[in-house]
Amino acid sequence: GDAADNIPGVPGIGPKIAASLINEYGELDNLISSTDEIRQAKRRESIIENAHNLSLYRKLVTLDEEIPISKMTCSLPLKQKGI
């Protein structure tokens with residue numbers, strides 16, 4: 001979870017544990033399908049209870065690659081040096 005993107009994440013699993021789990025299981029789908037291998041009961045239960053939300057969270061943070069670049073028309077003001 002990250003307050004900056006307003007996506008809550010899994011209770012009890014912070015950035016360090018999340019990174020460790022992804023390093024161990026490779027990707028989210030592998031983690032979800034391998035919860036029986038997680039030794040820490042509280043961590044395992046939290047992932048099981050929030051598995052349905054994890055798929056939604058992934059969808060929320062995935063960029064849509066189908067949007068044509070030509071449709072992206074946003075102009076940002078250029079910052080001048082010294083201002």
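Colleague: Which helices do the buried residues of helix 4 pack against?

Modeller: The buried residues of helix 4 pack against helix 2 (28-33) and helix 3, where contact means heavy atoms within 4.5 Å. Please note that this is a predicted model, in which local features need pLDDT of at least 70 and side-chain atom pairs count only at pLDDT 80 or more, while totals for chains, interfaces and linings use all residues. Residues are numbered from 1 along each chain as its sequence is written, and side-chain values use heavy atoms, with hydrogens and water left out.

Colleague: What makes a stretch a helix, and how many helices are there in the protein?

Modeller: Helices are DSSP runs of H or I with at least four residues, and strands are runs of E with at least two, numbered from the N terminus. The protein has 4 helices and 0 strands, in the order α-α-α-α from the N terminus on.

Colleague: Why is serine 46 called buried?

Modeller: Buried means under 20% relative accessible area, exposed means over 50%, and partly exposed lies in between (1.4 Å probe, protein chains only). Serine 46 has 10% relative accessibility and therefore counts as buried. Serine 46 belongs to helix 3 (residues 41-49) and, leaving aside its neighbours within four places in sequence, is in contact with Val10 and Pro11.

Colleague: Why is leucine 60 called exposed?

Modeller: Leucine 60 has 55% relative accessibility, so it counts as exposed. Leucine 60 lies in helix 4 (residues 51-61).

Colleague: How do you know that the buried residues of helix 4 line one face?

Modeller: The buried residues of helix 4 are Ala51, Leu54 and Tyr57. Seen down the axis of helix 4, they fall within an arc of 100 degrees, so they line one face of the helix; the arc is that of the directions from the helix axis to the C-beta atoms. The face turned away from the buried side carries the exposed residues His52, Lys59 and Leu60.

Colleague: How confident is the predictor in the protein, and in which helix is confidence lowest?

Modeller: On the pLDDT scale, the predictor's confidence in each residue from 0 to 100, the protein has a mean of 84, and 86% of its residues reach 70 or more. Confidence is lowest in helix 4, at a mean of 88, and highest in helix 3, at 94.
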